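Could you walk me through the charged pairs in this protein, one selection at a time? I have the viewer open and would like to know what to click next.

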Amino acid sequence: MSDLADEYRLEYFEEEGFVRKECSDCGNHFWTRDEDREICGEPPCAEYDFIDDPGFEEAYSLEEMREAFLSFFEDHDHERIEPYPVAANRWRDDVLLTQASIYDFQPLVTSGETPPPANPLTVSQPCIRMQDIDNVGKTGRHTMAFEMMAHHAFNAREDADAEYAYEGEVYWKDRTVELCDTLLDSLGADIEEVTYIEDPWVGGGNAGPAIEVIYKGLELATLVFMCMEQDPDGEYELKDGNTYSFMDTYIVDTGYGLERWTWMSQGTPTVYEAIYPDMIAFLKDNAGLSYTDEESEIVGRAARLSGNLDIDDVDDVEAARGDIADRIGVSVEELRELVEPLEDVYAIADHCRTLAYMLGDGIVPSNVGTGYLARMVLRRTKRLCDNVGVDAPLDELVDMQAERLGYENRDTIRDIVRTEVEKYRETLERGGRRVESLAEEYAETGEPIPTEELIELYDSHGIQPDMVAEIAEQAGAEVDVPDDFYSLVAERHDTPDGTETVTDDADERFEDLPETEKLYYDDQQRTQFEAVVLDVFERDEGYDVVLDQTMFYPEGGGQPADTGTLSTDDVTVEVEDVQIEDGVILHRTDENPGKGEFVNGQIDAARRRQLMRHHTATHIVIHSARQVLGEHVRQAGAQKGVDSSRIDLRHYARIDREDVKEIERRANEIVMDNTAVSQEWPDRHDAEAEHGFDLYQGGIPPGEQIRLIHVDEDVQACGGTHVARTGDIGAIKIRSTERVQDGVERITFAAGEAALEATQAAEDALYEAADVLDVDPEDVPETAERFFEEWKDRGKQIEDLKEQLAEARAGGGGDAEEIDVGETTAVVDRLDSDMDELRATANAIAEEGKIAVLGSGESGAQFVVAVPDGSDVNAGEVVGELASKVGGGGGGPADFAQGGGPNVEDLDDALEDAPDVLRQLQDA
RNA sequence: GGGCCCAUAGCUCAGUGGGAGAGUGCCUCCUUUGCAAGGAGGAUGCCCUGGGUUCGAAUCCCAGUGGGUCCA
């Protein structure tokens, strides 16, 4: 096994007089121009040297530094590209957020399937990393949101066997280091002080040599040379314990932290003051934080010290605070009081920037996916604001960052923030009440609130344990939060195991067949074609027929497959389903048309027409919804059908009736405009540059060219079949909306004939209702309301009357049988009315000091037994005895019981036995 | 994508197989008339919808609808 040491012997280092050293402290190897240098320069081997002593010639703002970087690389033959959204799940499904510039090019560009937008290129990519969220504000250098400035070059070996979307070498290690070195020099850094540390990189199945660039104690950049992939037979064993071998493609992946470069140029105590000084000032002022000269001095020194410490988790921060306080010569309490509000302010500024990125790029808060992350950040930010006493509305704070970042959808962002803050407030209020009553309960018993309750409160109601503790304390209850609280919560989510066996049935039978020519894109209106049967494969039921070309659309992009027939001179076979595998289209048929035959294909035209109408209508509905609800609306899924289709949209509020009507109106305007629906196959990077990522509502297709569908002003990457003109859709009718998840709304709609049918079905329902009520359809709502009110009134009246009837009956005696049972009198009677009446009568009789035994045969045999106060007869037992005689059971409290059974014919016998039963039970 | 929780009076909620409740608000009267005052009486309800189990379901089971929440 070999390590990668040779990979770092660069000509550039040699030419420039670098020497390779081993750090006397940590043992890492590094390259430096300074022959006497002993340590690598990276904390904890060294401390920050740039606080109050900036490392560059001039101080740069964040914007100035970004521009300086990008234009430097433009001047050195790189093309500047626009950054991608922070919501990486918009072009890849393996991650949620963009965490590095290379994410922009994974997986299609890095694998060589798709060419990069430019080569070499430079970009400043906004990124969000949630991993360090607890450190933000505390360490002086951690941020959740940051921009990774980068230059990338995509190379492929000339001797590679396979075809790649880029060829040859643009540049590799020497040039990369040279560019970085030159950049530092041009900014006025003392390049004698710069060290390049050897630090092999491994991640996500790829690996390669990498270099950390350290200057004045701060890691300014990482230069990664991605050129290896995991390989069981690989020659190199790397730090993750796996073996790796070289790939055909090799990629320069660099990362320069914009914030750190800005910080380096200013030398402020923390990175936050360097990157958004205005917002920090505003927040400090708003929270009423002001410091005397002496206090400022302490805060400054503490900040410097915390920055110098190598702190990677919060426990260390807390422990370190004591250390810092000692070194400054103040008490820990004093230090905490001074520093904690500032830490909150730093974190608020950072979190607001994170939210601006997330919401600005169209993430909608939700209980799933990126939306959930946005919600978490927002709630955390709100807590920090409350904690430190910032009373400016959160939407205003987020807007400050959104404005700085140049977002144009600021009104929507503010609206989303306001909605979310309100939701959070309601959750807290609900939770507060719940905790209060729980706390009171446990305060009475004197027991601490059990952990099980805490988990339930957090998991099901979103109430943090510290909030429970706070409220419980006021109510005088104890709370003991276990240290492993969050792992206990996690345990609750452990599923019995869901090891999915990925059924990877990559069918080798089709490997030698050519890709089927897709006729359905040439003329989407045609339904007939001729073809040659290349091969036929037998299936469990039916056959897979492969043709040289086809008009049949295979299932894909939410559009179901076409059906139809294939005919030879001799036979006609039914096509029941169509699938595509590696470009080969499989027609699933009931019979074998015969290999080598010429066939005449005919697709079910009516079905296809409806599918096309629904597909084009889907684009129109999304487009209309975006106009009505806002530009943040994005497709979260779609399914087309013959009778109806549905689309799921990301939106932060319920779509109400007014919205539906407006969306429907706009959609039908587009239909009535009868504009042409066009398709084109542009280069993917040209398309992205012109239309942005909103193209990919339904997923990202691979390849150099992508198919775009234009409907009205809407443009989407789409592989489906569409009508020629919007008028062909006929009409679009929205049938229903539902909230399928928080932040995701589903619209179900019908197009063409189905729209007409849907409308007629709704009308039928109305007419039928009108017919029942015997009124005009337009009077149905009013009449229904009146009927409902009257119905309720009558219910009340009937109840009232029953009570009167019962009292009259109890007083009047009637034909009821009266028996003496010991010292009390019992009334036994059969009334044949409902339970309510039976109960009322029994109550009235008991009021008069008599035992009531009433039976009814109205719906099954039923009994009610009521006993007056002071009687020693148990009503429940009486009922139980009687009910068993009619094949049922019964029970209830000792003074009032009811029961019954299915055998009505035995009711009279049971009642006749009642006196005996009563006497027996009394004697017992 | 998965897990969990909730739905009862205008509001906040209790009730977990057998007669629908409390607090608050509302109405009437009394007391007092000074700020969230006291006393007495009264009206509140398809117990979310639909199925099932049961002699009997607000209560148990299933499905749906609406909301909440945690996780990947």
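This is a predicted model: local features need pLDDT of at least 70, side-chain atom pairs count only at pLDDT 80 or more; totals for chains, interfaces and linings use all residues.

In total, the structure holds 51 salt bridges, and we will visit a few of them.

Stop 1: Select Arg-608 and Asp-562 and show their side chains. They form a salt bridge, with N and O 2.7 Å apart. Now colour by secondary structure: Arg-608 sits in helix H16 (residues 605-629), while Asp-562 belongs to the loop between strand E16 (549-550) and strand E17 (564-567). The two residues are 46 positions apart, and the pair links distant parts of the chain.

**Stop 2: strand to helix.** Move on to Lys-733 and Glu-664, whose side chains meet in a salt bridge at 3.3 Å, N to O. Lys-733 is part of strand E26 (residues 732-741) and Glu-664 is part of helix H17 (residues 657-673), so this contact ties together parts 69 residues apart in sequence. Glu-664 counts as buried, at 12%.

**Stop 3: loop to helix.** Next, pick Asp-834 and Lys-802. The closest N and O atoms of this salt bridge are 2.8 Å apart. Asp-834 lies in the loop between strand E29 (824-830) and helix H21 (835-847), and Lys-802 lies in helix H20 (residues 780-812), so the pair ties together parts that are 32 residues apart in sequence. Asp-834 is partly exposed, with a relative accessibility of 25%, whereas Lys-802 is buried at 15%.

**Stop 4: a network.** Which residues join up in a network of salt bridges? Select Asp-395, Asp-399, Arg-410, Arg-414, Asp-415 and Arg-418 together: salt bridges link them into one network.

**Stop 5: out to the surface.** Finally, select Val-772 in helix H19 (residues 753-773). Val-772 is exposed, with a relative accessible area of 71%.

Key
Residues are numbered from 1 along each chain as its sequence is written. Chains are lettered from A and ligands numbered from 1 in the order in which they are written. Side-chain values use heavy atoms; hydrogens and water are left out. A salt bridge is a side-chain nitrogen of Lys or Arg within 4 Å of a carboxyl oxygen of Asp or Glu. Helices (H or I, at least four residues) and strands (E, at least two) are DSSP runs, numbered from the N terminus. Buried means under 20% relative accessible area, exposed over 50%, partly exposed in between (1.4 Å probe, protein chains only).
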